[in-house]
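Subject: Structure handover

Hello,

Here is the structure I promised to pass on. Please open it and keep it beside this email as you read.

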Amino acid sequence: MAKKLPEQAQVIIIGGGIVGCSVAYHLTKLNWKDVVLLERKALTSGTTWAAAGLVGQLWANRSLTKLACYGTELYDGLEKETGQHTGFVRCGSLRVAQTKERKSEYDRSMAMARAFGIEMEEISFEEARRMWPFLYTDDLEAVYFQPNDARTNPVDTTQALAKGARMGGAKIFEDINVTAIELKKDAVCAVSTDQGKINCEIVVNCGGMWARQIGKMVGVSVPLHAAEHMHIVTTPIEGVPKDLPVLRDMDGYIYFREETGGLMMGGFEPVAKPWGMKGIPEHFAFTELNEDWDQFQIFMDNALKRCPIMETAQVRHLTVVPESFTPDNAYILGEAPGVKNFYVAAGMNSVGIASAAGAGKSLAQWIDQGYPEEDLWSVDIRRFYGWQANHRYLFDRTTEAVGLLYADHWPFNQRKTARNVRRTPFHDRLAQRGACFGEVAGWERANWFAPQGVKPEYVYSWGRQNWFEYSAAEHMAIRNNVGVYDLSSMAKFLVQGKDAMTGLQYLCANDVDVPEGKVVYTQLLNQRGGIEADVTVTRLAQDKYFIVTPGATGCRDFDWIRRHLREDAHVFLTDVTSAYTMLAVMGPRARDLLVTLTDANLSNKAFPFATAQQIDVANARPLVMRMSFVGELGWELYIPTEFSNNVFDALIAEGEKFDLKPVGLHALDSLRLEKGYRHWGADITPDDSPFEAGLGFCVKLDRGDFIGKDALKKQQESGLTRKLVVFTLEDSQPLLYHDEPILRNGVQVSENTHGAYAHFLGSAIGMGYLENLKGIDDDWILSGKYQIDVEGKLIPARVHLNAPYDPEAKRVRM
């Protein structure tokens, strides 16, 4: 290890677990030599040392799966590269299903695996027992095998990464405490330690359990909390080979792996024990917590059932250590919002060994070129809001978060803990009308409405869930009559100042130099032409704009806009989300209803589509926009918060004459898919351009410079090789969710970006990017025969170049 602390470093990494060492290793691979890693005690002494070392390949989406596969490749060759033993064994893994519903989940996972290039197959019980001689199978529905999964020694692998980093020029210091991080003009500039100060350009927070505390040094929210995590190791058992596959019985909350001739068994319990509420002791290093056999009992009971040999096995040791978990059970990666050059890689949710290689590589690329190679929204730190580092919220959520790793991964699964944190003024009124709420970014949002006598509660399955028919009725109410939904969770920003227009012109692909009252649908692009945000921009005055963007991306989008407005410009960005609620009144009779509540002229001539006016509605004066995300006539009402229930009550009272139906967000999703409307994070991402996504009508190349313009001009000149299209299944029964493989002429060519059930059309619907490296056009697309893999069954699908519902968009302009 290095001894003399430098006065200057280009990059300082805080934390010497496997993640910090991976970041250092990968930075040096990109020729960053001036890298310093600071570890408070010894490398791996936080939680890395006690990890199980499981290295699985299949994750929830293509990007994370690609990173996980990279991890197995890196670890496999790391010992040869560095000379440091790693203990890596490509032993494969088995996963067992105790229920038909779990089998459905794994059948969908197997289809995803094929789409992502991962080997996975269902095997017979006999074959499973041959691979795992101690396995009890009589109560199982199915067993699946992934031959390329692996395990590794966490300490040795971390030391190999550290050695590789040092070979590349990085300096590593142990037994050094970071006491402060200095900022200058909202950017990091120095790190203070108990042994001196180091000036720097970039700081990377890989502090594990300490990451939240480190984030506070610069006012950055890092929402994670520690929980007790435990496993046992037996003495050697006759017949346990070194290459015994990892076994996961998620229905029993447990896993097994070989350990020194015996078995390691641990798990993820449904109700966990948070730890560290009063802080982490200063002396903490390689520390084990008190044994808790009562907490471990659920694992032991299920282990005895799944592996009867455990009845006579001798337990050598019960290890109990804290590990950090995040509110959504996904790790935290990326440059923090609000502070330049402060990056985070933490909150690994007990999968840090499998994640560290890919996370380290991606973050190093992010630092090196300003963006990651993969779409990493699912782990991006900007998905969290500042308040989500609240200690009580994290404590409550952590009791549930641990078990989510092995729980059934149902579609639309809702968290049970830390709920009712953010509620709109309409919440109780919606609840009285049978709303069943889901949660996004802490917001309680009505997903569907139960009729009288039905409990508004999810009954999960992989088929049609209990709310399917109720949501269908909501869907058809908007198609045929009129409905109202609450989308107050949408993030809302004001951009003001004499340079507001020129500032936004540089950020937006569309032209926002429009008359007052005009609403512009536009994308914010990166320099590669990829879509960073999907927003509406309304010009309220010559020097004032109102931006609306999804609530889930509010933190990310605010940060993107803030970073890309010129520092010397006279322009001010303000988050006004809490100042306004939003009710959308949509459907063919929306005008008929609203005219009973206002004296404003709502005719096409007086109030055309894509315009906004401040008008009287009931006893309030909201900003009203004629826009639609459902493909029908309608208006969005942005109501000053204190007037909200006045407007809602008036709408409901007058709405009785029109059979107004409250509508949930499941219906909103199915309605927008029927209309072919894109959703950021699923159908459009930073890797997709507006031309590829069918949003070329939002791009105005015949004006001044804007971010991404050069890339779009080149793409326009060279021609497209990929294009987003819509698919509907020709069988009315199967359902689409996400990432189902799409086949063209029998060959897998894409995956479904997002799916729902198109109730008007009578089948499941989804989207996918088709690619032809020789150039893509409508003839090529239509000449193919398409199928979508749903749980291993190839379902014929119809491709649509335009929206399958109202492709000419006549209904929004009725």
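Predicted model: local features only at pLDDT ≥ 70, side-chain atom pairs only at ≥ 80, totals over all residues.

**Salt bridges**

The count comes to 51 salt bridges. I picked out a few for you to look up.

Start with Arg114 and Asp789. Their side chains form a salt bridge, with 2.6 Å from N to O. This pair connects distant parts of the chain, 675 residues apart. Arg114 sits in helix α3, which covers residues 100–116. Asp789 sits in strand β38, residues 786–790.

Asp789 has a relative accessible area of 5%, so it is buried. The cut-off behind that call is simple: buried means under 20%.

Next, find Asp139 and Lys305. Their side chains also meet in a salt bridge, here at 3.3 Å from N to O. Asp139 is partly exposed, at 24% relative accessibility. Lys305 is partly exposed as well, at 40%.

Now try Arg621 and Asp616. A salt bridge joins their side chains at 2.6 Å, N to O. Asp616 has a relative accessible area of 27%, which means that it is partly exposed.

Salt bridges can also share partners. Which residues do they join into one network? The members are Arg102, Glu105, Asp251 and Asp408.

**A sheet of strands**

Then turn to an open sheet of 6 strands. Read across it, and the order is β29-β30-β31-β28-β22-β32. The pairing is mixed. As background, strands of a sheet pair through backbone hydrogen bonds, either parallel or antiparallel.

Which strands lie at the edges? They are β29 (612–614) and β32 (661–662), and each pairs on one side only.

Inside the order, look at β28 and β31. Strand β28 spans residues 580–586, and strand β31 spans residues 634–640. The two pair in the antiparallel sense over 7 bridges.

Best wishes

How values were computed
Residues numbered from 1 in each chain as written. Heavy atoms only, no water. Salt bridge = Lys/Arg side-chain N within 4 Å of Asp/Glu carboxyl O. Helix = DSSP H or I, 4+ residues; strand = E, 2+ residues; numbered from the N terminus. Buried < 20%, exposed > 50% of the residue type's maximum accessible area, 1.4 Å probe, protein only. Pairing = 2+ DSSP bridges.
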